[in-house]
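Welcome, and please bring the model up in your viewer. We will walk through it one selection at a time.

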Amino acid sequence: MKCAPFRVELPSTVDEVVAALVEHGEDAKILAGGQSLIPMLAMRLARFDVLIDVHHVDGLASIQLDQNTIRIGSRVRQSEIERSDVIKRHLPVLAEATALIGHFQIRNRGTIGGSLVHADPAAEYPAVALALGATFEVTGPAGTRVIPAADFFLGYWTTALTDDEVLVAIHFPIPEGKRVGMTVKEVARRHGDFALAGAVASIGLDPSGAIVETAIALFSAADQPLRLTEMEAALTGHSPDSLDIPALSAAAAAGLAPGDDLHGSADFRRHLFRHLIADVAAEAITRAQEATNV
Ligand SMILES: Cc1cc2nc3c(=O)[nH]c(=O)nc-3n(C[C@H](O)[C@H](O)[C@H](O)COP(=O)(O)OP(=O)(O)OC[C@H]3O[C@@H](n4cnc5c(N)ncnc54)[C@H](O)[C@@H]3O)c2cc1C
C-alpha cells in the first residue's frame, strides 16, 4: 500500500515546530527518522495531512557532555549514538542497546527521540531511559517542562507528551561517587527483530563492595517498560555474595504478565525473563566490581 497524500513542512526552530503543531492540531505529526511513522502511514494505520519534518531544526542533533549529564538531542540518529565516543566512554550500555535496534539501515535513519515518543513496549531505548533515570526536555505552547522517564511512558505507544509538544532532548545522568556496572540483554527470534524479552540493569557498589543502588528495567514485558522494584529492593544494601540471584530472578519473572501472541506464549516469555533478569543482574555486578568510576 501507499501513504495517503500529505504535505511536508520544514521548520527551522523548535518554536516553529510548536507553532505548526498548534496550527494543524490532530492533522499533523512530527517526522523524525520516519522508521515507525512512515510504515504506519504506508499501511494506512494512520493518516496525517501535514508532516512536520524536524531535520532542519536547530539544536536537536547534538550529543553534549555537561559535567555529570549527557544531553542527547531528540533528532540524534541511533547510529550516531552507537558510534559516539562520549556515549561509549560514559554510558556504554546506551551504545550496546542501540546495536540491538533493528538493522543498521534502520539505525542510520531512526532517531532516539522518535523511538522514545513512539514508545513501543518492545523497544530498547524506553527501558534504558527508565533504568538510567533519564529525563525528557519537552517544549510546547506553555514553554519547556522536564518529564522523568518514570512518568513519560503511559502504555502501548502512549506517552505523557501532549499533541502540541515536541521532545527536544533527553538527559542521562552519569553515575558518580560509586562503582557502577550496566548491561542490556534481549532474546529475539532473528537478529534485528523486536525483542521477545529484554532486560537492562544498572547496579552501583560502595567501597566495601555492597550494592547501594539497583535499577532493573524490562522491555516486552508489559504495555510499557517496567522497573522490578521488589527485586531492586532485595538486592540493595547487600553484598552480592550473600544473594541468591537466580531465585530472586525466578520470583520476579513469575510475577510478570507479558504478552501471549504468535511470537511467543506468556509462559515462554516468563521463562526467558527468568534467565535474562539473572544474567543482567550478575553481569552488572561483575562490571561494577571491575569498574574504576568511583
Ligand atoms: C524493520 C524495522 C525494525 C525495527 N526494529 C526495532 C527494534 O528492534 N527496536 C526498536 O526499538 N525499534 C525498532 N524499529 C523502530 C525504529 O527504532 C524507529 O526508528 C523508531 O521507533 C522511531 O524513530 P524515528 O526517528 O524513525 O521516528 P519517526 O518514525 O519519524 O516517528 C515516530 C513517532 O515519534 C514522533 N516523534 C518523532 N520525533 C519527535 C519529537 N522530537 N517530538 C515529538 N514527537 C516526535 C513522530 O511524530 C511519530 O509519532 C524498527 C523499525 C523497522 C522499520
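Start by selecting helix H1, residues 14-24. This helix lies across S1, S2 and S3, and runs at about 170 degrees to S3. Contact here means heavy atoms within 4.5 Å; axes are lines fitted to C-alpha atoms, for helices over the stretch in contact, with angles from 0 to 180 degrees between N-to-C directions. Helices (H or I, at least four residues) and strands (E, at least two) are DSSP runs, numbered from the N terminus. H1 also lies across S6 and S10, at about 130 degrees to S10.

Before going further, keep in mind that this is a predicted model, where local features need pLDDT of at least 70 and side-chain atom pairs count only at pLDDT 80 or more, while totals for chains, interfaces and linings use all residues. Residues are numbered from 1 along each chain as its sequence is written, and side-chain values use heavy atoms, leaving out hydrogens and water.

**The three-stranded sheet**

Now select S1, S3 and S2, which form an open sheet in that order with parallel pairing. Two strands pair if DSSP finds at least two bridges between them. At the edges you will find strand S1 (7-9) and S2, each pairing on one side only. From one strand to the next, the twist averages 30 degrees.

Zoom in on S1 and strand S3 (residues 50-53): three bridges join them in the parallel sense. Which residue of S3 is the bridge partner of valine 8? Pick leucine 51 to see it.

**The five-stranded sheet**

Next, select the open sheet with the order S4-S5-S10-S6-S7, where the pairing is antiparallel. Strand S4 (63-66) and S7 stand at its edges with a single partner strand each, so one side of each has no neighbour in the sheet. Direction ignored, neighbouring strands of this sheet are turned by 20 degrees against each other on average.

Follow strand S6 (residues 135-140) into strand S7 (residues 143-148): six bridges join the two, which run antiparallel. They form a hairpin with two residues between them.

For glycine 34 the corresponding distance is 2.7 Å, and for glutamine 35 it is 2.7 Å. Taken alone, the ligand exposes 970 Å², of which the protein buries 89% (accessible areas by the Shrake-Rupley method with a 1.4 Å probe).

Methods:
Polar contact = N/O pair within 3.5 Å; in protein donor to acceptor, adjacent residues only side chain to side chain.
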